[in-house]
Amino acid sequence: MQQEEMNSQEEKSPMSADTNQAELTDAQTEVTDMLAKLEAEKSEAKNDYIRLMAEFDNFKKRSKKEKEEYLKYASSSVIMALLPVIDDFDLAIQASSVSENNTVSEGMQLIHKKMRTILESIGLKPIEAAGQPFDTELHDAIGQVPAPSDNEKGCVVTELKKGYTLHDRVIRHAQVFVGV
């Protein structure tokens, strides 16, 4: 009986070895597939991380730029409120140059100069309009007048109200008459 059992085990062993070998190969294939899948997931996660970091970096740069722009132009509402005062000063100085009282005229000119200096230090600049070609980005045409010469056609002949830029951004267009 023992002999039969041994013969029977010997007969099973070669078959078991083939089965074990097949199972081992299947297991190796499965492990290799899982490893490849994990490598792909790792690569995808790394790419997502890199994209996310780049996006965050761009967000920080954009936020910084927006903050700088905001701070740069935050004073525009105050300056816009002061522009009529500057216009009144310009008119008063023109009118006082006709009068005989030079002390008042000199005082107004000093105040006007000081105010312009302060506003220019903030970044306010007047737009030069008289004699310049008409530009819709800088000028607002109030009307058309006959041009004194052919060279002045399409150019600003008269400036009614001065225009201003704040850090190269137009905050008020110059109101002008254009030669035709």
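Helices (H or I, at least four residues) and strands (E, at least two) are DSSP runs, numbered from the N terminus. This is a predicted model, in which local features need pLDDT of at least 70 and side-chain atom pairs count only at pLDDT 80 or more, while totals for chains, interfaces and linings use all residues. Residues are numbered from 1 along each chain as its sequence is written, and side-chain values use heavy atoms, with hydrogens and water left out.

**Figure 1. The loop between E4 and E5 holds His 167 and Asp 168.** His 167 has a positive phi of about 50 degrees, although it is not a glycine. Asp 168 is likewise a residue other than glycine with a positive phi, near 65 degrees. Most residues other than glycine have a negative phi. His 167 is partly exposed, with a relative accessible area of 27%, whereas Asp 168 is exposed at 68%. Here buried means under 20% relative accessible area, exposed over 50%, and partly exposed in between (1.4 Å probe, protein chains only).

**Figure 2. The whole chain has 3 helices and 6 strands.** Along the sequence their pattern is α-α-α-β-β-β-β-β-β. Of the 180 residues, 18% count as buried. A contact means heavy atoms within 4.5 Å. Among the contacts with a separation of 6 or more, 64% are between residues 24 or more positions apart.

**Figure 3. Helix H2 covers residues 76-96.** At 1.5 Å a residue, its 21 residues should span 30 Å, and the end C-alpha atoms are 30 Å apart, which agrees. The expected span is 1.5 Å times one less than the number of residues. H2 bends by about 30 degrees at Leu 82, and Pro 84 follows within four residues. The bend at a residue is the angle between axes fitted to the seven residues ending there and the seven starting there.

**Figure 4. One set of residues in H2 is buried, including Ile 79, Leu 83 and Ile 86.** Asp 87, Phe 89, Ile 93 and Ser 96 are buried too. An α-helix has 3.6 residues a turn, so residues three or four places apart point the same way. The cover over the buried residues of H2 includes helix H3 (102-122) and the strands E1 (124-127), E3 (156-161), E4 (163-166) and E5 (169-172).

**Figure 5. The largest pocket holds about 280 Å³ of space.** H2, H3 and E3 are the elements that give two or more residues to its lining. H2 gives the most, with 4 residues. Among the lining residues are Asp 87, Asp 90, His 112, Arg 116, Glu 159 and Lys 161. The lining divides into 2 nonpolar, 2 polar and 6 charged residues. Ala, Val, Leu, Ile, Met, Phe, Trp, Tyr, Cys and Pro count as nonpolar, Asp, Glu, Lys and Arg as charged, and the others, Gly among them, as polar. On a 1 Å grid over the protein atoms alone, a pocket is an open set of points where a 1.4 Å probe fits, with protein on both sides within 12 Å along at least five of seven lines; lining residues have an atom within 4 Å of a point. Points are joined across faces, edges and corners, and a volume is the space filled by probe spheres set on them.

**Figure 6. Arg 116 lies in helix H3.** Arg 116 is buried, with a relative accessible area of 17%. Not counting residues up to four places away in sequence, Arg 116 touches Ile 86, Asp 90, Pro 126, Lys 162 and Tyr 164.
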